[in-house]
Amino acid sequence: MPARSASTGLLWPTILAIVGFSVLVGLGLWQWDRMQWKADVLDRLAAAETVPPKDFSAWFDQLTRDARAVAKREGRDCADAICAPLDLVSEEFDVVRLSARPAEKKPAFVYAPVGGRQTYRAFAYFKTDAGPLQVDRGLIEEAELDAFRDAASAGGDSAAVQDPGDMIVLVRHGPGPQFYTPPPDPERAIWYSVPPRQLNGSDNSGALWLQQVRRGAAPPPANGPVPPTLAEMRERIPNRHFEYALTWWGLAAGLALVYLVFAATRLSSRA
């Protein structure tokens, strides 16, 4: 009878301990997966330093064919140039050479503070063989927003915009707005997620965006946004997920030890 009473008194503590242990182990496994994913991202950014850039027109033509093939497999009739989410058919961190001229369209800014500074990603429009296309030109200080906006809207005549000629850009994938994302400020063209929603001009374009980067020892521009180097991008992506995984698994081990001590004490006190 005492043994049965003791085991009955351990039922709920045991259930709670199993649930807590499972959650903690699961969180550790999630961080382990994140570690491997981030290591792959860092490896691809390192490779992008020296890989020959793809020609934009050839890259975009292939992307369009892939998008149409996806639509065809899904049984959808597609007459548009882009007919499937581009982030599903493109390879993130592809390196592309883009020859473009500034377009007379208003830029968009995505809030992206760095180091406690109020900075924004400056997305400017350019004329390309694929039509007007937005490119993330780099970070810009809040005090420079109005000057860059006015210069870009005027077609790039100001030194604040500069015609970059050939740009080296990375193909990026963005999640777009989430349920917690603040609404954009249309009057100031400020957004809070990448890419800005007008990128590629339609809802079915996918969350794909192009980011201008500097490779090797390329100097920063004298005016306007500063594209990051690939080394700077890698530095901004810390990979500490192994530590996080060990922390969760350590908590799981601690919970198991506490439960075993508790259970042994409960059983011995009722024996």
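Which residue in S7 is the bridge partner of Ser99? In the predicted model shown here, that partner is Asp166. The model is a prediction, with local features needing pLDDT of at least 70 and side-chain atom pairs counting only at pLDDT 80 or more, while totals for chains, interfaces and linings use all residues. Residues are numbered from 1 along each chain as its sequence is written, and side-chain values use heavy atoms, leaving out hydrogens and water.

Zooming out, the protein chain has seven helices and nine strands; these are DSSP runs numbered from the N terminus, with at least four residues of H or I for a helix and at least two of E for a strand. Of its 271 residues, 38% are buried, a label for under 20% relative accessible area, with exposed meaning over 50% and partly exposed lying in between (1.4 Å probe, protein chains only). As for contacts (heavy atoms within 4.5 Å), take those between residues at least 6 apart in sequence: 70% of them join residues at least 24 apart.

Back to the strands, which pair if DSSP finds at least two bridges between them.

Buried residues of H2 include Ala17, Gly20, Leu24, Gly28 and Gln31. In general, an α-helix has 3.6 residues a turn, so residues three or four places apart point the same way. Val23, also in H2, counts as partly exposed because its relative accessible area is 46%.

Finally, what about the loop between S4 (108-111) and S5 (119-128)? That is where Ala112 lies. Ala112 counts as buried because its relative accessibility is 16%. Skipping neighbours within four places in sequence, Ala112 touches Thr119, Tyr120, Arg121 and Leu139 by the contact cut-off. Leu139 is 27 residues away from Ala112 in sequence, yet their C-alpha atoms are 8.0 Å apart in space.
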